[in-house]
Amino acid sequence: FNKPVYTIANGFEYPAASRNLSNLPPSSQKVKIVYTGNLYLQRQNIHPLFQAIKLLVQEDPHLQDKLEISFYGWDTGNLDEIINKYCLGIIVSIKGFVPREIAISLQRNVDALIFLDWNDQNEQGILTGKIFEYMFSGTPILGIGTSVETAAGNLIQESGTGILLGNDIEAIANTIKKLLNGESLEYSPRSEILQQYTRESLANKMLQEIIVNYNKYINLNP
């Protein structure tokens, strides 16, 4: 339409009920990896993750005693069928819907978070609200399907909040293996970047754009 466009991202603000939540007590010594939110498996490629887990199972038949992967959300599509296809039901589970406050608390109390980027070359600018929750969680993000060429991958890298793993099965497996071996993942959140994506900061950005454009309009239409 030949009009100027200003992008204001979704951003993040902790729900009031979750700000003072204490850390959830660990229920086991397993490495815990979590995905929270709905799945759109026609546009998110989960297979590299499960293929990587299968590789790890081949190396360690007792992996179920060390690793637990959980999916929380009210719509997980045909995830159960895919889990059965890879015979991973003893490691991967679908937990169903939990309130947002609980989801945010879970994000803060696991070893890593699964982020599945949009698997569509024509929609590389997608930034879901989930990515901002993850960025502020204090937990490393495992970016499956991400790269510096996608908006989400670029944001994860810029903010220092996770690892871009693309669809590289071996890289995904090696990253999970680091967690299993008690190693730390590359994780250096940049507070100055995160601050730009608070709801307060983004609301101020939007307000400033409105003021600037209003003043331009007044000057052009005295």
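**Entry 1: N2**

I started with N2 and found this residue in the segment before β1. The model I am reading is a predicted one. Then I looked up the backbone angle: N2 has a phi near 55 degrees, which is positive although the residue is not glycine. I noted this because most residues other than glycine have a negative phi. Is N2 buried or exposed? With a relative accessible area of 81%, N2 is exposed, since the cut-off for that word is over 50%.

**Entry 2: C87**

Next I went to C87. Where does C87 sit? I found C87 in the loop between α2 (79–85) and β3 (92–96). Here too I read off a positive phi in a residue other than glycine, near 55 degrees for C87. I checked accessibility as well, and C87 counts as exposed at 60%.

**Entry 3: the largest pocket**

My last stop was the empty space. Rolling a probe the size of a water molecule over the atoms shows where such space is left. I looked up the largest pocket and found about 370 Å³ of space in it. How many residues line the largest pocket? I have 23 in my notes, and Y35, T36, G37, N38 and K130 are the ones that lie nearest the centre of the pocket. Which elements give two or more residues to this lining? They are the strands β1 (31–36) and β4 (112–116), together with the helices α3 (100–107) and α4 (129–135). Sorting the lining by class, I wrote down 13 nonpolar residues, six polar ones and four charged ones.

Definitions and conventions:
Residues are numbered from 1 along each chain as its sequence is written. This is a predicted model: local features need pLDDT of at least 70, side-chain atom pairs count only at pLDDT 80 or more; totals for chains, interfaces and linings use all residues. Side-chain values use heavy atoms; hydrogens and water are left out. On a 1 Å grid over the protein atoms alone, a cavity is a set of points where a 1.4 Å probe fits but cannot get out, and a pocket is an open set with protein on both sides within 12 Å along at least five of seven lines; lining residues have an atom within 4 Å of a point. Grid points are joined across faces, edges and corners, and a volume is the space filled by probe spheres set on the points. Helices (H or I, at least four residues) and strands (E, at least two) are DSSP runs, numbered from the N terminus. Ala, Val, Leu, Ile, Met, Phe, Trp, Tyr, Cys and Pro count as nonpolar, Asp, Glu, Lys and Arg as charged, and the others, Gly among them, as polar. Buried means under 20% relative accessible area, exposed over 50%, partly exposed in between (1.4 Å probe, protein chains only).
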